[in-house]
Amino acid sequence: MEFTYPKNEKLKSKNTINVLFSEGKSVSKYPLRLVFVENRLEESERIKMGVSVSKKYFKKAVDRNYFKRVLRECYRLNKHILANHLEKPYAFMFFYQSKDRLTHQEINEKTIQLFQKFVENVK
């Protein structure tokens, strides 16, 4: 398994993002949330992933960017949990939803738990 996050895995399509927010389902593991929908629009990749940190919780762009980097890194290291259990292509949006400043290690542990929860819900 490659631990990469290539450009073609990044969620950029406005149509897919709109479908995610209108029809998507979600799973949560405080302070993380994963919104997902089966990706019918693009068949090229099995996973399309986007990350987001709310301006509501982190006013400074420096702080938001830090947590987005941490989320991308946690996804990159743990995406095999998702990829090994998906038959259909999915689009995901990965959120950090708290004012609490967890460490990288804590966020990584929560990411693993969140991805496992997603796999259980999809089966």
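This is a predicted model: local features need pLDDT of at least 70, side-chain atom pairs count only at pLDDT 80 or more; totals for chains, interfaces and linings use all residues.
Local features here need pLDDT of at least 70, side-chain atom pairs count only at pLDDT 80 or more, and totals for chains, interfaces and linings use all residues. Residues are numbered from 1 along each chain as its sequence is written, and side-chain values use heavy atoms, with hydrogens and water left out.

Trainee: What is the order of the four strands in the open sheet?
Mentor: Strands are DSSP runs of E of at least two residues, and helices are runs of H or I of at least four, numbered from the N terminus. Two strands pair if DSSP finds at least two bridges between them. Strand 1 (25-29) and strand 3 (47-53) are the edge strands, each pairing on one side only. The pairing is mixed, and the order is 1-2-4-3.

Trainee: Which residue in strand 2 is the bridge partner of valine 27?
Mentor: A hairpin joins strand 1 to strand 2 through two residues. Strand 1 and strand 2 (residues 32-38) pair in the antiparallel sense over five bridges. Serine 28 has arginine 33 as its bridge partner; for valine 27 the partner is leucine 34.

Trainee: Which strands does helix 2 touch?
Mentor: Contact means heavy atoms within 4.5 Å. Axes are lines fitted to C-alpha atoms, for helices over the stretch in contact, and angles run from 0 to 180 degrees between N-to-C directions. Helix 2 (residues 61-83) makes about 150° with the direction of strand 3. Packed on the sheet, helix 2 touches strand 2, strand 3 and strand 4.

Trainee: Is helix 2 roughly parallel, roughly antiparallel, roughly perpendicular or oblique to helix 3?
Mentor: The axes of helix 2 and helix 3 (residues 104-122) come within 9 Å and cross at roughly 45°. Angles under 35 degrees count as roughly parallel, over 145 as roughly antiparallel, 65 to 115 as roughly perpendicular and the rest as oblique. Helix 2 is therefore, relative to helix 3, oblique.

Trainee: Is phenylalanine 115 buried or exposed?
Mentor: Phenylalanine 115 is in helix 3. Not counting residues up to four places away in sequence, phenylalanine 115 touches Leu34, Met49, Tyr75, Asn78, Lys79, Ile81, Leu82 and Phe94. Buried means under 20% relative accessible area, exposed over 50%, and partly exposed in between (1.4 Å probe, protein chains only). Because its relative accessibility is 0%, phenylalanine 115 counts as buried.
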